[in-house]
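Please find below my note on the model under review.

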Amino acid sequence: MTALFKTMFPQEFFEKPVFLRGLLLTGVYLVLIISQLFTYEKFYDVIAGLGLGGGKIVTGVLIGLLPLLEVAALPFLVSMNIPMAVRSISRIAVVAAPSLWLLLYVVAIMQGADGVGAGLLGATVHTALSWWLVLAVAALTACAVIVARELPRRKT
């Protein structure tokens, strides 16, 4: 199994553990993206159920922005050799995606939307909005900040 992984990934990935952390965070982001997009037609209702202000416009922007940020984070997390401008945008997206989820959940709970579907995993998996979910997303945000801060640019 180790030989298979050594053929799939560059040698740098085995020398520095931060690359492995980036790949693990990539897996988390992929689970989030796939589960959100699998039932995307219901994603609007799930986000609208959080009871955020702004109505249809804010909900429409959020259902487009959240998956977009998660997808935009992937090139940085898998350490692609990309131009610096794209890498910087992707690095910002790594932290912005879970930070936006955290902000949405804190605002929703403060407005009394406790117990509704949270939408982190889309409508695919019902996740109840609670302070435990806020703590989990805060931990995800902390992990994203650590990886974004430590992940170096790969040598070509």
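**Notes on the predicted model**

1. Just after α5, serine 79 takes a positive phi of about 60 degrees.

2. The model is predicted, so local features need pLDDT of at least 70 and side-chain atom pairs count only at pLDDT 80 or more, whereas totals for chains, interfaces and linings use all residues. Residues are numbered from 1 along each chain as its sequence is written, and side-chain values use heavy atoms, with hydrogens and water left out.

3. Overall architecture. The protein has seven helices and zero strands, giving the pattern α-α-α-α-α-α-α along the sequence. The C-alpha trace spans about 50 × 35 × 25 Å along its principal axes. Of the 156 residues, 38% are buried; buried means under 20% relative accessible area, exposed over 50%, and partly exposed in between, with a 1.4 Å probe and protein chains only. Among contacts (heavy atoms within 4.5 Å) with a separation of 6 or more, 69% involve residues 24 or more positions apart.

4. Helix α5. This helix covers residues 55-77, and its 23 residues should span 33 Å at 1.5 Å a residue; the end C-alpha atoms are 33 Å apart, which agrees. The expected span is 1.5 Å times one less than the number of residues. The buried residues of α5 are Thr59, Leu62, Ile63, Leu66, Pro67, Leu69, Glu70, Ala73, Leu74, Phe76 and Leu77. Their cover includes α3 (17-38), α4 (40-48), α6 (84-110) and α7 (131-150).

5. Together with Ile57, Leu65 and Leu68, Val61 forms a nonpolar patch on the surface, with about 390 Å² of accessible area. Patches are made of residues with over 30% relative accessible area and no salt bridge, like charges being joined within 9 Å and nonpolar side chains (Val, Leu, Ile, Met, Phe, Trp, Tyr) within 5 Å. The protein exposes about 8500 Å², of which carbon and sulfur atoms supply 73%; accessible areas come from the Shrake-Rupley method with a 1.4 Å probe, and for residues only the protein chains shown count as cover.

6. Which residues touch the most other members of the largest nonpolar core? They are Tyr29, Val94, Trp101, Tyr105 and Leu129, in a core of 39 residues. The elements giving two or more residues to this core are α3, α4, α5, α6 and α7, and the largest share, nine residues, comes from α6. A nonpolar core is a set of buried Ala, Val, Leu, Ile, Met, Phe, Trp, Tyr and Cys residues joined through side-chain atoms within 4.5 Å. In soluble globular proteins, nonpolar side chains tend to be buried together. Leaving aside neighbours within four places in sequence, tyrosine 105 is in contact with Leu50, Ala118, Gly119, Leu120, Leu129, Leu133, Val134 and Val137.

7. Glycine 27 is found in helix α3 and counts as partly exposed at 31% relative accessibility. The C-alpha atoms of glycine 27 and leucine 74 are separated by 9.5 Å, although these residues are 47 residues apart along the chain. Threonine 39, in the loop between α3 and α4, is buried, with a relative accessible area of 11%. Apart from its neighbours within four places in sequence, threonine 39 is in contact with Gly122, Ala123 and Thr124.

8. Salt bridges. A search of the whole structure finds two salt bridges, the criterion being a side-chain nitrogen of Lys or Arg within 4 Å of a carboxyl oxygen of Asp or Glu. In one of them, glutamate 150 pairs with arginine 21, the closest N and O atoms being 2.7 Å apart. Glutamate 150 lies in helix α7 and arginine 21 in helix α3, so the pair ties together parts that are 129 residues apart in sequence. Glutamate 150 is partly exposed, with a relative accessible area of 35%, and arginine 21 is partly exposed with a value of 35%. Glutamate 150 also forms a salt bridge with arginine 149, the closest N and O atoms being 3.4 Å apart. Arginine 149 counts as exposed at 56% relative accessibility.

Technical notes. Helix = DSSP H or I, 4+ residues; strand = E, 2+ residues; numbered from the N terminus.
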